[in-house]
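Reader: I've got this one open on my screen and would like to talk it through. Can we go over the cavities and then the interface?

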Amino acid sequence: MSDPIVHARDLRKRYGNREVVSGVDLDVRAGELFALLGPNGAGKTTIVEILTGFRCRSGGDVRVLGADPQTAGTVWRERVGVVLQESQPDPGLSVRECLSLYAGYYRAPRRPAEIAELVGLADSLEAGTGQLSGGQRRRLDIGLALIGRPELLFLDEPTTGFDPKARREAWDMIDGLRRLGTTIVLTTHAMDEAERLADRIAVIVDGAVVAQGTPATIGGRDHHAHEITFTLPTGRRVSMRSAQPLADVRALADWALGRGIDLPDLEVRRPALEDVYLALAGSPTTTDSQEA
Amino acid sequence: MFHGSTSILIIVAVVAARFGLGRGIKAVRRPRRRTAPDDPTASGPRRRGATGLVLHQARYDLRTLARNAQARTATIMLPLLLLVLFLGMWGSDRVAGAAASTYYVPGLVALSVIASSFTNLVVSIVTQRESGVLKRRRSTPVPAWVLIGGRALTAMAVSLSVSTGLVAIGWIGFGVSLPAEAIPAVVLAAVAGSLCFCVLAYAVATLIGSAEAAQPTVQAVMLPLYLGSGIFIPNASLPSWLRQLASVFPVERLADALHRPYASAAPGLQVAWTDLAVMAVWAAAGLAVALRRFSWLPGAGRTA
């Protein structure tokens with residue numbers, strides 16, 4: 001068992017007397033896709049900026065690829081790829097030139113054509129960055145982060161602002177990156193994205209981890225009460241919570257059949273990740289502040 | 001005089017077609033060699049050396065600049081156009097016993113140095129910082145000094161190329177000659193000025209919070225300095241209090257350091273050491289500000 005790729009204990013970040021990250025513990029293992037899920041302003045980007053060495057932490061212990069990102073040098077940067085939440089492409093260059101420029105920063109980069117293939121820009125290699133669509137620009141961002149063959153890739157909100165089609169394509173592409181064996185840390189405020197892509201999820205609310213687990217188990221999702229709903233012949237809609245849905249449905253069926261009642265719209269629903277997440281993230285009264 | 005300016009207009013048009021208008025439409029060219037940029041691993045798993053990295057960066061920064069219409073206009077077209085206009089219209093006027101052309105040529109060399117090494121550089125730094133380009137580059141193993149060195153080298157290369165063009169056009173087209181032994185002084189002043197203004201650009205960029213504000217802010221500061229420093233108006237015709245005020249600033253010092261070799265009838269090197277010293281002081285102050293305040297992250301200048 002190797003050491004975790006990302007290891008954080010009691011990570012804290014204060015701005016003045018406002019604590020935006022308050023005691024976060026994280027362990028990201030080699031080869032997994034780990035999602036930091038949380039509403040805007042929860043501190044996800046701040047955590048990523050600390051893990052990538054762009055910001056200094058106020059407290060706690062952090063190791064990324066065995067080094068402290070705050071003091072890690074060039075050799076460490078060779079091993080880490082970063083896709084920022086908001087970054088425009090390098091102006092005035094073609095896709096190929098952008099990739100060649102960044103390739104020149106590394107010791108053993110991938111070839112630009114190989115990267116273009118990987119992120120689905122093979123047909124746009126000669127296009128100017130100004131001509132790219134939002135989805136293509138994101139692909140280029142990811143390509144630039146992958147050109148140095150990173151062991152660890154940070155993706156900060158990779159699909160924010162995408163239409164559903166571009167989003168799905170981006171998901172397929174990110175999913176495909178697992179083949180490279182790259183460990184990926186992804187931040188997102190979209191639970192469907194975390195559910196679709198992540199091996200493990202940490203839900204961040206107000207700078208703290210409120211739940212951690214796989215998409216199937218997070219927040220006790222696998223133990224949570226199932227919801228059984230049906231409509232009585234009188235027209236009354238009934239919704240009940242059940243900890244043992246199979247036994248309860250059987251009892252319900254016996255009861256209904258004994259009275260000759262049919263329950264045509266009977267439905268048994270596992271709590272969606274969305275329900276778990278919304279319960280964890282709290283009511284939407286949290287301030288709509290910009291993510292720092 | 002008239003035929004001189006006509007021929008120069010043709011030269012400017014040719015230069016414009018070469019650098020400017022021709023690239024305006026199709027912003028991105030196919031690279032000339034297909035294989036080499038595609039295969040940076042050919043040289044083995046060692047990263048480029050320091051010089052190689054700076055040149056690598058400068059190569060792409062130069063392309064970025066050359067494909068930006070606004071940057072081309074401000075750094076290349078405008079100084080050339082102003083030179084032809086000023087020399088054509090007022091070059092033979094007498095100012096304080098000397099031809100006005102001996103003010104305009106060095107004045108516009110100073111303008112071109114400042115346009116590339118300061119004005120355009122500030123705008124470029126702020127724009128790339130605010131759009132996250134600098135932050136993304138800093139997330140790679142490339143050292144900070146490579147990014148700064150490559151961009152400054154680009155600014156200096158454009159400064160000195162355009163300056164050379166201005167001197168040549170003044171000399172050949174309008175007979176504004178420069179004694180051979182005074183050439184080193186002009187070169188030294190242009191190189192020193194370019195360096196000084198590059199440093200100041202990195203300092204001033206820390207004070208500007210948005211890409212939109214960069215251009216107007218810099219112009220608002222620079223225009224009065226241009227007017228008071230003998231760039232547009234020969235400063236021999238300005239009131240002395242204004243000249244003294246202007247001489248505090250590096251714009252006037254650069255213009256003066258370039259002007260002396262042109263104005264002097266006496267033989268000699270004509271290096272304006274005092275001017276260079278004042279520029280060095282400004283550069284040192286700029287370096288102190290840049291080292292203290294410079295940030296690669298968006299939003300960095302907003303607190304100022």
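Reader: How many cavities of 30 Å³ or more does the structure hold?

Author: Keep in mind that this is a predicted model. With the cut-off set at 30 Å³ or more, the cavity count for the structure comes to four.

Reader: What volume does the largest cavity have?

Author: Let's start with what surrounds it. The lining includes Q57(B), D61(B), Y202(B) and W296(B). The space inside the largest cavity has a volume of about 100 Å³.

Reader: How many charged residues are in the lining of the second largest cavity?

Author: Sorting that lining by class gives three nonpolar and five polar residues. What remains in the charged class is one.

Reader: On to the interface. Which residues of chain A lose the most area to chain B?

Author: The contact involves 37 residues of chain A and 36 residues of chain B. Together the chains bury about 3,400 Å², with 57% of it on carbon and sulfur atoms. On the chain A side, 20% of the buried area belongs to the three residues that lose the most: F54(A), Y105(A) and R107(A).

Reader: How far apart are the closest N and O atoms in the salt bridge of R63(B) with E97(A)?

Author: Six salt bridges are found across the interface of chain A and chain B. There are also 14 residue pairs in polar contact between the chains, both residues at pLDDT 80 or more. For R63(B) and E97(A), the closest N and O atoms are 2.4 Å apart.

Reader: Which element gives the largest share of the side of chain A that touches chain B?

Author: Elements supplying at least two residues each to that side are α2 (74-78), β5 (80-83), α3 (95-103), α4 (112-119) and α5 (134-146) of chain A. By class, that side has 17 nonpolar, eight polar and 12 charged residues. The largest share, six residues, comes from α3(A).

Notes: Residues are numbered from 1 along each chain as its sequence is written. Chains are lettered from A and ligands numbered from 1 in the order in which they are written. This is a predicted model: local features need pLDDT of at least 70, side-chain atom pairs count only at pLDDT 80 or more; totals for chains, interfaces and linings use all residues. Side-chain values use heavy atoms; hydrogens and water are left out. On a 1 Å grid over the protein atoms alone, a cavity is a set of points where a 1.4 Å probe fits but cannot get out, and a pocket is an open set with protein on both sides within 12 Å along at least five of seven lines; lining residues have an atom within 4 Å of a point. Grid points are joined across faces, edges and corners, and a volume is the space filled by probe spheres set on the points. Ala, Val, Leu, Ile, Met, Phe, Trp, Tyr, Cys and Pro count as nonpolar, Asp, Glu, Lys and Arg as charged, and the others, Gly among them, as polar. Contact means heavy atoms within 4.5 Å. Buried area is the accessible area (1.4 Å probe) that two parts lose on being put together, summed over both. A salt bridge is a side-chain nitrogen of Lys or Arg within 4 Å of a carboxyl oxygen of Asp or Glu. A polar contact is a pair of N or O atoms within 3.5 Å; within protein, one must be able to donate a hydrogen and the other to accept it, and residues adjacent in sequence count only if both atoms are side-chain atoms. Helices (H or I, at least four residues) and strands (E, at least two) are DSSP runs, numbered from the N terminus.
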